[in-house]
Amino acid sequence: MRRDRNRNLFALGLALLLLGGGVLALQGATVERADFTFNNASEPQSLDPKVVSGVPEGRVLRCLYEGLTNMHPKTLVPVPGMAERWEVSEDGRTYTFHIRKNARWSNGDPLTAEDFVYSWRRFLDPAMPAKYAQLLWLVVKGRDFFDGKVPSAEVGIRAPEPHTFVVELVHPTAYFLDLCSFYPLFPVHRATVEAHPKTWSKPRNFVGNGPFLLEARTIRDRIRLRKNPQYWDADSVRLNTVDILPVEDHVTGLNLYLTGVLDWETDVPQQVISDLLKRDDFQPRAYLGSYFYRINLKHRNPEKARFLSDPRFRMALYLAMDRKAIVEGVTKAGELPSRALVPPGIPNYSDARHQPPALPEMDMEKARALIEEVKKDLGVDKIPTLKVLYNTSESHKNIAEVIQQRWGQGLGLKIKLENQEWGTYQASQKALDYDISRSAWIGDYADANTFLDLFVSGGGNNHTGYADPIYDSLIEAAAREADRDKRREILYKAEEMLLRDLPIIPIYSYVTKNLVRPWVKGFYPNLQNVHPLKFVWIDEEAKKNAEGR
Amino acid sequence: MQKGAEEEAQVDPPEEVESGEGAASLGDQEPEGFTFFSDHPLLTFLLKRLGWMALTLWIVFTLSFFLMRSIPGGPFDQEQNLSAEVLAKYKAAFYLDKPLAEQYLLHLRNALTGDLGPSYKMADYTVNEIMAAGIPKSLALGVIALIFALTLGITAGLLSAIKRGGFLDRSLMTVATIGIALPNFVIAGILILLFVIWIPIFPAATWGDYKHLFLPAFCLGAPFAAYVARLTRTGMLDVLSQDYIRTARAKGLSDAQVLVRHALKGGLLPVISFLGPAIAGILTGSLVVEKIFQIPGLGTHFVQAAINRDYTLAMGCVLLYTTLVYVMNLLVDIGYTIIDPRVKLE
């Protein structure tokens, strides 16, 4: 009998444990719906501007902080932020920012120029610099301080008065004001960072200076923001609460959007694009990104190197690539076939009024002729099998298949496709352990330099082995040139060179893939796909009408 | 405290440790409430198993440590925007520039003190914080999945066994076979289409109230329910053909009484022994389901940690899974001796 009782007790205990566990875990999980919910597609690496380097982090940080300048929500040109106005010296090297007098931290502390001095020095801190530290090498002695050669006091960042912040640059930089609105350069609250070195970015400690406060954050679940009453422009902020979800799977994200949980989904699954295009709330627009193939110019295999390092061979690859078939048959969201690296739409470079260098259209005849020419010159009949490397993804695969087919049938090349998981693929690309590799680049700021300086000799993201001192000097000269028109011409020359030497084969330029509810207002399409929530609001009337239907 | 003290006190007499039989008979004379805890074989058994667990964890730690680092690409190599100089400093800050053996010893030492370090990819959190946030969610999901698996499985198995060979039996077993064969992401897709898009009664994903757990838990539990159904059916059929069941029937007991009071206990034994692997499977099998339904549990963290080369977090998850699976199996082993007197701890 005792066995029986033990047995029953055991069963009962198990059942209670199971139920209790379930109930306990669910407690406090329900939250009321926020005014605005969007999918950020990934858990931010951090809320510390110093530690971040990605698009999802930018979306969150722009809510919590504000830089010296802000981006205009439509045009993205720099508009006053923490600095209400600024002056630039005649040589274009000294910027004097006047911090607004009513600038405050979310705990009520006044925000002064000292805060920027502290934050930007912290950004360059030789012991633990920001991930984007190289941005402030633009500042006098910035690089030296980063390298530990000079003390922080020598860096060209000063606060001569509480509300005056002065920056001295090594050379005039056309996009410096844009950089001031870039999220890694946002200021942090010194007292909080120093009081809680490891936990200051947690909701219980967090102090920011942006339009929203950090109310709650649960890992890979949600970030809840609330309007910051201390914000200098709080009157313009119309959303009271915002939820940010980190849903990585875009099918799940789409389900959430379709069932009304999300107001904004930042990307959509490739398979459903044709269907989504029929909807009013899905309107792809030009995006500051390029999709291209890298070619390994320093291949270790001499057989392959002979071909890959011959510019005529690379030009043949370019000419035989059917970019139209790719954008119409595979990507389908209105991407534009590219004949250059820098995408269209960049002000004063590739906008409507300017004509940047471009390659010719597809030309099979010429491509074949070039291949024959190369074969003849090298005295070989057979070209070794080449591998196209891509990171595992259905659309990269489909694109590679189109290219494989054209290069195979059109040029008689043997092409193999090879996919690798993201981390491995990145490592292969970095180590130049590939023949031809799928690549892409999203610009950090709306300037051609963010694309062109990738391919300077030894550049951290070059990954092609391309090295030409003339190209390097052009990029360098453009950086030093204060005159916009002259600078543009220099950059044109650089891109021309790049398109002549073709370490990369342009394929298409990106489009944005936002799904946005029709009643979300103040959300404007723009080249960088940046949508500051400060300006976003909900048209309740439109929402009611739409939901009533 | 008292129980613990008693356990300590009872360790000494050697003859009891040696013979399980002796201990059990001794245990019979103990005051009722304490019998379970003062059984010496249990204590020895636990100590032995914990020793093995420590060894297992160390082996898992070592293997994982070197396997992880043998894959190309490190935690910071994937961030394209980092300049070489910055990358070098980040690697140094996380010891990634040190020789592998030195890194191993550093991490092992920290792990022994319970400090698994910060997450490389979620810099605002330590690995311990991330896991502490993930465990209750995965556990809730697992518990509900298990409840589904057991209630649905046992009910279906019982019905099948009673109506053996009939239409109900055949259809239930067909469903069970399909249930075992279908991967849970397929089940998830079908359920989402049915109950989220067409008949919107459940939320599509994310963490929230019980409604948010229904579909993922069902998907996670379904293959196990199917398995439990088959096990129950086999077990019941086996028991129902025994002599003592015939005796019970001969005594004039009703079918229901025979089933519940006599057959069920024996018939469910195979299910109990399946509980160990099932719990382990549910806990570690939640990776896909958590991703589809955006449940911020351990599975999601584990998969992302692997993709991101977040060594510390991946290690934390591996160790935690090892511990969970080990402990669950241990509990099931102990539970089995309670349910089935023929089984002894050793």
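Predicted model: local features only at pLDDT ≥ 70, side-chain atom pairs only at ≥ 80, totals over all residues.
Chain B has 17 helices and zero strands. Of its 346 residues, 48% count as buried. The contacts within chain B can be sorted by sequence separation: among those between residues at least 6 apart in sequence, 72% join residues at least 24 apart.

The interface comes next. Chain B gives 61 residues to the contact, and chain A gives 61 residues. Between them the two chains bury about 5,700 Å², and 57% of this area is on carbon and sulfur atoms. Across the interface of chain B and chain A there are 19 residue pairs in polar contact, counting pairs with both residues at pLDDT 80 or more. On the side of chain B that touches chain A, the elements that give two or more residues are helix 6 (84–93), helix 8 (127–162), helix 10 (184–198), helix 11 (210–240), helix 15 (286–292), helix 16 (298–308) and helix 17 (311–339) of chain B. Helix 8 of chain B supplies the largest share of that side, eight residues. Sorted by class, the side of chain B that touches chain A has 33 nonpolar, 15 polar and 13 charged residues.

Side chains of opposite charge can pair when their charged atoms come close. The rule finds four salt bridges across the interface of chain B and chain A. One salt bridge that can be located in the model is formed by the side chains of E85(B) and R143(A), at 3.3 Å from N to O. R143(A) lies in helix 4 (residues 142–146) of chain A and E85(B) lies in helix 6 of chain B, so this pair joins two chains. Are these two residues buried, partly exposed or exposed? R143(A) has a relative accessibility of 29% and therefore counts as partly exposed. E85(B), with a relative accessible area of 28%, is partly exposed.

Over all chains the structure holds 41 salt bridges. In chain A, R312(A) forms one with D310(A), and the closest N and O atoms are 2.9 Å apart.

D243(B) is exposed, with a relative accessible area of 52%, and R246(B) is exposed, with a relative accessible area of 55%. Elsewhere, salt bridges that share partners join E32(A), R222(A), R224(A) and D243(A) into one network.

Aromatic side chains form another set of pairs. A search of the whole structure finds 46 aromatic pairs over all chains. In the pair of W86(A) and F97(A), the ring centres are 6.2 Å apart and the planes are at 55°, so the pair is tilted. W86(A) lies in strand 4 (residues 83–88) of chain A and F97(A) in strand 5 (residues 94–99) of chain A, so the pair ties together parts that are 11 residues apart in sequence. W86(A) counts as partly exposed at 23% relative accessibility, while F97(A) is buried, with a relative accessible area of 0%.

F97(A) also pairs with F165(A), and this aromatic pair is tilted, with 6.3 Å centre to centre and 35° between the planes. Since F97(A) lies in strand 5 and F165(A) in strand 7 (residues 164–168) of chain A, the pair ties together parts that are 68 residues apart in sequence. F97(A) and F165(A) are both buried. One aromatic cluster takes in W86(A), Y95(A), F97(A), F116(A), W120(A), F165(A) and F176(A).

Two backbone angles remain. A41(A) has a positive phi of about 70° although it is not a glycine. A41(A) lies in the loop between strand 1 (36–39) and helix 2 (55–64) of chain A, and at 17% relative accessibility A41(A) counts as buried. Y95(B) is not a glycine and has a positive phi of about 60°. The loop between helix 6 and helix 7 (100–112) of chain B holds Y95(B). Y95(B) counts as partly exposed, at 32% relative accessibility.

Technical notes. Residues numbered from 1 in each chain as written. Chains lettered and ligands numbered in written order. Heavy atoms only, no water. Contact = heavy atoms within 4.5 Å. Buried area = accessible area lost by both parts, 1.4 Å probe. Polar contact = N/O pair within 3.5 Å; in protein donor to acceptor, adjacent residues only side chain to side chain. Helix = DSSP H or I, 4+ residues; strand = E, 2+ residues; numbered from the N terminus. Nonpolar A, V, L, I, M, F, W, Y, C, P; charged D, E, K, R; others polar. Phe/Tyr/Trp six-rings, centres within 6.5 Å; stacked < 30°, edge-to-face > 60°. Buried < 20%, exposed > 50% of the residue type's maximum accessible area, 1.4 Å probe, protein only.
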